[in-house]
Amino acid sequence: MRISKPKYREWKKHFDYRRWLRNNRKVLSGRKDTKERPFSFKRKVFKLPSNMSLINNFDEVVKCFDEIKYLCTRKKFQYEHVYLDMSNVTNITTDALMYLLVFVKNLGKYSERLKSICGNIPTDEKCKKIVKQSGFLKYLSSASATDYSDDNLQIYIGDAVDSVKIMEVCEFIHRKLGCDRIDTRKLYGAFGEIIGNSNEHAYSTHGIWGKWLLFSRYINGRVRIVVLDAGEGILETVKRKGLFENLDLADHKKLLNAAMQLGNNRSRTGRGYRNRGLPSIRANAINGTLKNFALFTNDVKYECNLSNGQVLENYTALNRTLSGTLYYFEYYLEAEQEL
Amino acid sequence: MIINIAKDFSVAPGPRFIYQGDKSGELFRTEILEKAYLEAKKNNEKITVILDGTFGYFDSFLEESFGGLKRDHEEDDVLSLFEIVSNEEPALIDKVKDFVANALNKKK
């Protein structure tokens, strides 16, 4: 079968580019000037922030991803090949890796011209270890192998409320902290509400790829758990459903505060016994089941900490908007932390 | 009649509805609880539901199971036929009672 000339040219261009990629790793890793490339592809190298953490460096990380998305979708630029350079990263957390994973998987949807998204892993040994052990590379085609560690439950992508996965996380906690099933019963319930909420808010965003991501890590006597969904976010959902018509919809801090409170009878189904997920999550953060709890959704952050029996709740407006919702919390045994 | 959720249904009970995931409250209600309820009502006997032995419960699972049963049998005093046992997490007994009491709440 003959193929048309334009199609052949397109194919040849891509073939040449792949060959050039194979032979020019030094150029890609920034050791040579990238201008030396032999032909003019619309290719762009993006340097990711040195502190890749949504929890500690939210604005810079989200700004970086927003810029990449903007440059890939604007007609003026419309890059065909994107290279995400993580060589300068010196601090990385798994929440940012999960966001990056969702971003990479969805980037192709934003731009029709985009043909490839490549990247490297950090040169910093500590960061490299985190990337390899997190399971991030399992979901991408990579020459670097995934490492396994007994201190991690690798990134898991779910598309239903998976009670068996929640049970696995509880078993991981039992193994690492030396507690038993009865200790984590409340956590199981609270965790289920978070996954249920993520599953509900993330509809159709990923298509067949999944709805939410989960990662657990044991560190210094604590198990840290991160859940991310890349839906439209709680505030956008609340606005779309018209749940709080009497509130100022522009005041996102108040809107999230209202969504987290019980007793508003705001169920869109007209049933007062539904839509209690967020108030239940907040109640579990207040009673200490979800420790050091933080929730990022759209452009608001909610934090709840317990300090000397005092509940400290805080709503913070963010400069950037997260596409989706991120939950972060910890679990540890009180007695062990006091020691 | 005794229903032990951990043995008769699952050690990891799931979400509210069947479409949301496995081992849901809706499945438990339709497959186990409702049948037991109708039989107990017919024979005028009590049902003991043991909540112990599982990894825990999502609130929505319990609400859909017991609150859902109340919504299906609005005219009945559903709770009078049940004895709820929860030694591992006693607060669940009050939760179940609360869910049944508020099962018919409509949006104001």
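This is a predicted model: local features need pLDDT of at least 70, side-chain atom pairs count only at pLDDT 80 or more; totals for chains, interfaces and linings use all residues.
Residues are numbered from 1 along each chain as its sequence is written, and chains are lettered from A in the order in which they are written. Local features need pLDDT of at least 70 and side-chain atom pairs count only at pLDDT 80 or more, whereas totals for chains and interfaces use all residues; side-chain values use heavy atoms, with hydrogens and water left out.

Chain A holds 11 helices and 10 strands, taken as DSSP runs (H or I over at least four residues for helices, E over at least two for strands). Of its 339 residues, 50% count as buried, that is, under 20% relative accessible area with a 1.4 Å probe.

The contact with chain B (heavy atoms within 4.5 Å) takes 27 residues from chain A and 32 residues from chain B. Between them the two chains bury about 2,400 Å², with 53% of this on carbon and sulfur atoms; this buried area is the accessible area (1.4 Å probe) lost when the two parts are put together, summed over both.

Three salt bridges are counted between chain A and chain B, each requiring a side-chain nitrogen of Lys or Arg within 4 Å of a carboxyl oxygen of Asp or Glu. In one salt bridge, the side chains of A:R185 and B:E89 meet at 3.1 Å, N to O. On the side of chain A that touches chain B, α6 (163–177) and α7 (185–201) of chain A each supply at least two residues, and α7(A) gives the most, with eight residues.
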